[in-house]
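User: I would like to learn how to read the features of a structure like this one. Could you take me through them one at a time?

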Amino acid sequence: VLYGSDAIGGTVNALPREVPWEPGWTGGLYYRGATAEESHAGRVETGWSDGRSIGVLLGLGARTLGEIQGGRDVGSQANTGYDERSGDLRVEHLTGEGLRVVLGWQGVRQDDVPRTHSTRFAESFEGTEVGTDRRRDLDQERDLAYVRGEGDGRDGLFESFRVGLSWHDQEEEQDRIRDSGSREVSGFEVGTLGFGAQASTTTAIGRLTYGLDAYRDNVDAVSSTNAVQGPVADDARYDTLGLFVQDEIAVDERLDLVLGARFEYAEADADSVLDPVGAGVIEVEDDWSTVVGSARFVYALAVDSVALFGGVSQGFRAPNLSDLTRFDSARSNEFEIPAPDLDAEHYVSYELGVRA
């Protein structure tokens with residue numbers, strides 16, 4: 001209920017590097033080399049803090065990957081290497097009122113990443129077919145910038161809170177030359193504006209965690225062989241909105257209950273989609289909404305050592321733009337076409353276990 005659509009299989013908690021708070025300058029170097037893919041990777045970072053209210057961390061990285069060594073029966077695999085560059089910046093400011101303001105940016109660039117298995121450079125393994133493409137390379141770019149405020153409510157309404165605004169830009173371009181010599185250049189750009197707010201309050205009925213999150217994806221997609229769209233719909237928009245509340249209840253010294261509910265809304269609007277059953281252009285407009293809930297428990301069989309846990313959780317996943325409008329190769333020898341009339345997916349998960 002805290003994370004919404006697409007979190008059915010679980011979530012990954014990825015935490016950024018912490019800003020150093022020791023006064024003055026800090027720094028670090030990192031290097032990794034590997035023979036299996038003839039790779040070299042490095043990172044240099046530096047940080048500064050006044051020890052009281054301001055901290056900064058800057059990092060730059062790069063890596064190059066060569067030909068993968070595929071083992072005794074495969075050997076060196078040509079056309080598997082590529083280069084990557086990355087960077088990140090984090091600035092934190094602590095105010096006298098217990099508020100932390102965080103500014104962050106991270107970016108990655110990957111150049112000429114080969115999809116080797118579909119090219120003539122592939123190596124057969126246990127009877128697999130070698131591809132026929134002369135070339136199939138992808139360039140990828142990603143940038144995330146955000147500002148977030150977080151802190152405790154002191155004597156106010158909130159025990160703790162955080163609110164943030166983000167901009168996420170992703171680009172991918174594929175350059176493919178088929179066996180016949182025909183060339184296809186395709187790609188897309190997704191710009192995502194995000195907003196989230198969350199707070200926690202201890203009440204007579206338990207510790208409440210509540211908030212909202214909202215995202216808007218703006219998508220442009222092109223293809224040299226498809227005048228209507230790229231790998232997904234061109235000139236498309238996808239919106240999501242979630243409202244959630246969760247209550248953690250300490251029933252007694254051994255038993256904790258966690259009850260939660262979430263309202264989820266998603267809307268897709270694509271103006272330029274190739275008709276999957278005709279030769280024209282169609283628009284795809286649809287929306288989905290639902291309320292899901294969960295009830296979970298933890299019971300201490302032995303204090304601080306063994307616990308029984310379990311629960312029932314509903315899940316919801318709305319069709320995304322790729323589900324609705326994708327017109328591109330999927331897996332080898334498969335092609336995916338738009339499916340504009342999809343319903344949302346609904347799940348119920350049951351869990352029971354013991355942890356020590």
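Analyst: Gladly, and let us begin with salt bridges: a salt bridge is a side-chain nitrogen of Lys or Arg within 4 Å of a carboxyl oxygen of Asp or Glu. Side chains of opposite charge can pair when their charged atoms come close. Here, Asp-328 forms a salt bridge with Arg-326, with the closest N and O atoms 3.8 Å apart. Before we go on, please note that this is a predicted model, where local features need pLDDT of at least 70 and side-chain atom pairs count only at pLDDT 80 or more, while totals for chains, interfaces and linings use all residues. Residues are numbered from 1 along each chain as its sequence is written, and side-chain values use heavy atoms, with hydrogens and water left out.

User: Is Asp-328 buried or exposed?

Analyst: A residue is buried under 20% relative accessible area, exposed over 50%, and partly exposed in between. Asp-328 has a relative accessible area of 14%, so it counts as buried.

User: How many salt bridges does a search of the whole structure find?

Analyst: The search gives 33 salt bridges. One of them pairs Glu-92 with Arg-90, whose closest N and O atoms are 2.8 Å apart, and both of these residues are buried. Through shared partners, salt bridges join Arg-90, Glu-92, Arg-100, Arg-148 and Glu-150 into one network. In another pair, Asp-50 forms a salt bridge with Arg-52 at 3.8 Å between the closest N and O atoms. Asp-50 is buried at 18% relative accessible area, whereas Arg-52 is exposed at 62%.

User: Which residues have the most contacts inside the largest nonpolar core?

Analyst: A nonpolar core is a set of buried Ala, Val, Leu, Ile, Met, Phe, Trp, Tyr and Cys residues joined through side-chain atoms within 4.5 Å. The largest one here has 19 residues, and Tyr-238 and Trp-288 have the most contacts inside it. At least two residues each come from β11 (206-223), β12 (234-250), β13 (255-274), β14 (281-302) and α1 (321-325). Strand β13 gives the most, with four residues.

User: Now for open space: which residues are the closest to the centre of the second largest pocket?

Analyst: Rolling a probe the size of a water molecule over the atoms shows where empty space is left. On a 1 Å grid over the protein atoms alone, a pocket is an open set of points where a 1.4 Å probe fits, with protein on both sides within 12 Å along at least five of seven lines; lining residues have an atom within 4 Å of a point. Grid points are joined across faces, edges and corners, and a volume is the space filled by probe spheres set on the points. The second largest pocket holds about 600 Å³. Of its 32 lining residues, Ser-118, Arg-136, Arg-176, Ser-332 and Asn-333 are the closest to the centre. The elements giving two or more residues to this lining are β9, β10 and β16 (328-329).

User: Where is Glu-38 placed, and what is its phi?

Analyst: Glu-38 is in the loop between β1 (24-34) and β2 (39-49). Although not a glycine, Glu-38 has a positive phi of about 50 degrees. Asp-112 also has a positive phi, near 50 degrees, and lies in strand β7 (residues 99-114).

Note on methods: Buried means under 20% relative accessible area, exposed over 50%, partly exposed in between (1.4 Å probe, protein chains only).
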